[in-house]
Amino acid sequence: MNSKTMFYIVKRLLLALLTVVVVVTVTFWAMQAIPGGPFNSEKAVDPAIIIKLNALYGLDKPLFIQYLRYLGNAIVWNFGVSLKVKNTEVMEIIGENLPYSLATGLCAATIAIILGVVLGSTAALKHNKTADRVIMVLSTASVAMPSFVIASLLIWLFVNALGWAEVGGETVGSYILPILTISLSPMCYITRLTRSSTLDVLGSDYIRTAKAKGVSKRKILFKHALRNSVTPVITYAGPMIAYIITGSIVVEQLFSIKGLGRSFVNGISARDYPQVMGTTVFLTFLMVFMVLISDILYKIVNPRVDFD
């Protein structure tokens with residue numbers, strides 16, 4: 001690894017740290033702007049109890065002092081204790097829900113990338129033919145369709161009408177439909193991205209030279225074209241993987257499965273400030289990290305690209 005690459009990575013890491021600080025700041029003050037408090041409820045609570053609870057969790061301090069304390073703790077991955085889950089740290093809640101989102105997200109990302117590249121390459125090779133038109137129509141319609149609509153249709157078809165799947169629980173079968181729902185939109189986007197980049201590559205001079213030499217279409221696609229046309233997919237794949245690993249809030253709610261997204265919604269509903277802020281910072285770090293990884297992979301796949 002040369003010095004220029006190291007400098008790029010260090011620069012991106014410092015930028016990631018700055019991003020986390022900004023996210024912590026925005027999230028902290030946004031939570032403070034929400035009316036009410038974490039210990040408010042429909043039933044009247046003794047004001048003396050609320051005073052004691054605020055003192056216990058440090059919420060009686062000036063807001064700026066609370067912010068500085070939280071910022072210092074967040075940098076060392078200490079997000080404090082949940083206000084609603086007794087004797088439980090926020091990192092424990094994240095650690096409990098992360099494996100579910102991780103497994104669901106990685107499966108969905110794998111399906112999206114593999115099928116997206118295959119369908120996009122097929123559409124490019126069959127340009128302006130029936131297969132190309134069918135793939136483009138379906139991918140455009142799927143990208144435009146919101147995830148909650150897709151989830152509702154899948155539930156109606158495979159759960160209510162056919163009875164082939166189940167909703168809720170922690171069995172493997174209960175995660176099949178959520179994985180399909182989460183993977184559909186990015187798969188269609190990758191399909192369109194791969195098709196566009198492959199068409200550009202297939203029209204380049206070196207591809208025409210290979211065709212003139214009698215090289216087979218399969219060899220041209222896999223040895224020459226796909227290596228260059230897949231680079232935009234790698235750029236998109238980094239943040240996409242981070243996004244879908246965190247789980248779709250709507251999808252997790254509709255299918256009643258565990259995950260970071262559903263935990264995040266529950267934290268907002270309960271006004272659990274440490275959980276909301278801790279989850280937000282964690283997801284931000286994951287997103288920034290995956291973008292950095294995708295940039296490095298981009299360089300590996302296409303060595304002609306220089307880090308700037």
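Keep in mind that the model is predicted, so local features need pLDDT of at least 70 and side-chain atom pairs count only at pLDDT 80 or more, while totals for chains, interfaces and linings use all residues. Residues are numbered from 1 along each chain as its sequence is written, and side-chain values use heavy atoms, with hydrogens and water left out.

Let's start at α5, residues 130-144. Helices here are DSSP runs (H or I, at least four residues) numbered from the N terminus. The 15 residues of α5 reach 21 Å from first C-alpha to last, close to the expected 21 Å (1.5 Å times one less than the number of residues). Its buried residues (under 20% relative accessible area, 1.4 Å probe, protein chains only) are D132, I135, M136, S139 and S142. They cover an arc of only 140° around the axis, so they sit on the same side of α5 (the arc uses directions from the helix axis to the C-beta atoms). That buried set packs against α4, α6 and α7. The face turned away carries T130, V137, L138 and A144, which are exposed (over 50%).

Now for the cores, meaning buried Ala, Val, Leu, Ile, Met, Phe, Trp, Tyr and Cys residues joined through side-chain atoms within 4.5 Å. The largest has 24 residues, with M240, I241, I244 and F255 making the most contacts inside it. Helix α10 gives the largest share, six residues. Beyond its neighbours within four places in sequence, I244 is in contact (heavy atoms within 4.5 Å) with S101, G105, A108, A109 and I182. A second, separate core has 18 residues, including F28 and M277.

Definitions and conventions: Helix = DSSP H or I, 4+ residues; strand = E, 2+ residues; numbered from the N terminus.
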